[in-house]
Amino acid sequence: MNPLHTRLGLLAPTTTPLWTGTANGAQSSTFTLAVTTVSGALPTDSSGLLLVRAGVDLVRMKSHSGSTLYLAENPLTFTAGDALAVYDLRLPWPRYQRLVSTTVYKDYDIAFPATWQHSLPPAALVTPEVAWLDIGDTQVFSALNSQVMAPDPASGLTATWDCAGWGTGTAYGSAGGVTNCYFPLTPTATGLHYLKCTLTDEWGGAFSRYVAVWVGTTPTAVLGASLDWSLERGWRGSVTLDGTLTWFDYSPVALVDLDTAEIIFYGFYSPQRVSGDLGMETTEAELLSPLNAASALYGYPFIVTDLADPGSTPPDNWAEVGKLTCARALWYLLAWHSVLPQLANLYLGDPTARRIAGQTFSAGNLLNLIGQVTQAAFYVLRAAATGALTLEVQPLYADAATWAGLPAYTLTAANRSAAYTYTPPQARCSEVRVSGVYLAVGDDYAPAIARCPAHPAAWGAGTQEVTKLAPLSAAELLQWAGRHFAVENQAATVDVDVYVEIDPSWARVATDIPDAPSLALDSLRLAYDPGALSWRTQLSARTYSAAPSADYVPIPPAVVIPPPSPPPVLPPIDPLPPVLTWPTIVYVGTRLGGIYHTTDFNAESATQPTWVLDSAIAGGGTLTTIRQLGADPLAPGDWQYCIDTTSRTLYRHTELGGDWTPILTNAQAQAAILAGGGPDLPCRIDIFATEKTTGTLFVIAIITDGVYGDYAWRLTSTDHGSTWSDPIEMLDEGTGEVESFIVQGNYIWYSRVGRIIAGLYSGATWTWRYRSYEMLCVDYTFPELAWSRGDRGDRLYSHQWEMGSLIDTPYFDTNPSIRSADAMWFDPANMEHQYMLWYDSGTGAGLLYETPDAWITWSLVVEHGPITPGDFWGMWPYAAYPTHVLIGRRKNTSLGSVNPHTLHIMNGLSDTTPIGRAGISPGVSPYTGSIPQSSQGLCEIGGVVIVR
């Protein structure tokens, strides 16, 4: 736009219908209408087109089939013979939801999608957002900035373009994750048309954007015009036109600069009045931007809530949204309750940012419903004159660093009027209190309250309360309290005329006005002077200033109601046996096949669980050779870890079905050891452990010097592997891999081939025994005591740390046929009550032993067999129910067999035939949905099973 010399015109829609016909009778209760064609034909895509009844009543079409029209919900009564016409116009309609019993439908008849990701279809964003072309011109349209809106894992989009016979073009290009992202359009027919761009994501969710394109259209002369922009409502204009116009209410229009062919404004037409004088008639009308048009669209109440793990528990109704954020709540509102995103771009920034537990929408116009989302984070939808909407932070609420980085337009004495109005700050409150809920660690939401200033100000009114906020953290809530106080009490207002075009997409204005060097735009008014053929621009803005310090407000503790007095003492009653509920989510690491999980594990059912490969690495690639798999004992469902055999990298996993993120490589471990005074020698990550009562993560890394053997170093992380510290050398000169590694309390135990090593957590003095092949377990209530199998595998030993040395006590040394202790575990309620699986070479059976007194006395409970050595690899009792056990088995490579399970279950100690839950059971047909296996041992267990 040329602000100094401009002639204006208004591009109008066509008044010729695509199709005319008559109604055969009333519309059905589901808004279908039988019609008879009089002239013309309906296009293949009739979604959103305008149906006009009797030249007056306006209805949105949804689709058609033969002589049947499918209409949006409407209040009209059709009768036989009613005159009908369909126009190639798309108006800013609302879309209503409907409740039938307990089932919700969108747009009257859209049921919840079978594929739940479809509830958040992709956002189709096309530039240019509107166009004015001549026949034969070529304009390249781009869908490059379109966005995936459904929850992770995000993937690319595919665009299809349709100009419905009024133009030609061939899509090309693949960039920004969008295939066919460019479309060179060459129009071949005059009039107002729509270029349709449909974006489809990997789940089949699709969304279409209809770009208004005027071709060879002569604008209507504009006698006068003004355009007003405000931060909260976007653009609204008024025009005076020559003559009487017959356009429909809310028809699409575009205000254009006739000298530069620039589209100044795109929106919708709302006629106001017709005036006549001296035989001339003029029409006055309002022009509404998409955001302003939202104030005319009604919405009904509804609620959406967050599902933190949609991959495991997907939404199954319209009230649930996977990984709900402010951006996704806004997209959900506009995409399913209006057609505005089909007619204008909606830029939402990062859709995954700012998680919220839910969003409540009350009744009201759509603009108010938008505000119910944006007010949760002091957001605004900044509107462009060409219709696009961008979700961003209200500039005055940005922190100082963000504010300084915003694009700024410099306003000087040369491009503004010398006269301006400065209104000093007005104190509106003495104190601000803000409260909200933020997403804390482990997908739990935590409340917080903040106030500013820490002590009430001397001037102003009372306290202002701002509630229902969604900060990223408590610290951001503290920032918001300060910013809100500054906006309410310290923001001055400046009004000034300017001689240049100010684009309100520039959120910040720098000036030479002494008391107002930095301004945030509040409103703009562009008034057109038809005599001078020029624009006069007025702006109103507020100053940005530093905020006083804020402080947290303690959240009062929950009211605790004391329990009632105990009832009278009655004769004892034998307690009922506990009711066992097995886990539903289980992870298995395999030595050659990667990591699998199941969400439908059910030990009490004959139905086999479905195992899903869960080995994707962030940034690309998959894990295949799992050496170790484990979890944080305090939050096993939130933090899982693994080491792969190939790269010896430690990975972290925080989400079912999500990616594994590398958190410690060999190079990083070597750098940490070097920084702690260790040698600059090759390093490999060998094994990790987590302490049961703190969840602290430990890693043993092996330094190889090539002379004396391997040295073990320990690294520690208290933040789930994000940072590593406290490297300590364990002075171990052995060779080979570490078989076991356990940290309990102040004690560290680990074993390598031929030895067992123990030491204190913070000490550098270690002791070891050349006796044990594998340590089995540590009593975490008495962590200076460990149990292992020793020598040739024919003995069980206890090892007790005392004053820097180990005291060994042998058990099970009387039967030479007992060769291999494969698993051992404690009763969590009584650490002296222990269980152990032992292999008997004489009978080929697995023997399950039990002791009530830490192996002073012991007895055989049950015989599992026949099995082969190493067939049983480990056992994991479920929760506090130690007689119900998950049994890990691995392939006996010496026999070349293909018949092991990766996972059995044992329901009680007397269960001699544990039921298989993965792999192939000996003598039984392969289970469907199992973990794959092969003769190379694909299903062999390579890590611990995680249960929750």
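Let me start with Asp107, which sits in the loop between strand 9 and strand 10. Keep in mind that this is a predicted model. The phi angle of Asp107 is near 50°, so a positive value, and the residue is not glycine. Is Asp107 buried or exposed? Its relative accessible area is 4%. The cut-off for buried is under 20%, so Asp107 counts as buried.

As background, most residues other than glycine have a negative phi, and most peptide bonds are trans.

Now the second residue with a positive phi. Ala261, again not a glycine, has phi near 60°. Where is Ala261 found? In the loop that links strand 20, residues 251-257, with strand 21, residues 262-277. As for accessibility, Ala261 comes out at 48%. Exposed would require over 50%, and buried under 20%, so Ala261 is partly exposed.

Last, the other cis bond on my list. Which peptide bond is it? The one from Cys452 to Pro453, with omega near -10°. Pro453 belongs to the loop between strand 34, which covers 445-452, and strand 35, which covers 463-469.

Asp107 is buried, whereas Ala261 is partly exposed. That is the end of my part.

Technical notes: Residues are numbered from 1 along each chain as its sequence is written. This is a predicted model: local features need pLDDT of at least 70, side-chain atom pairs count only at pLDDT 80 or more; totals for chains, interfaces and linings use all residues. Side-chain values use heavy atoms; hydrogens and water are left out. Helices (H or I, at least four residues) and strands (E, at least two) are DSSP runs, numbered from the N terminus. Buried means under 20% relative accessible area, exposed over 50%, partly exposed in between (1.4 Å probe, protein chains only).
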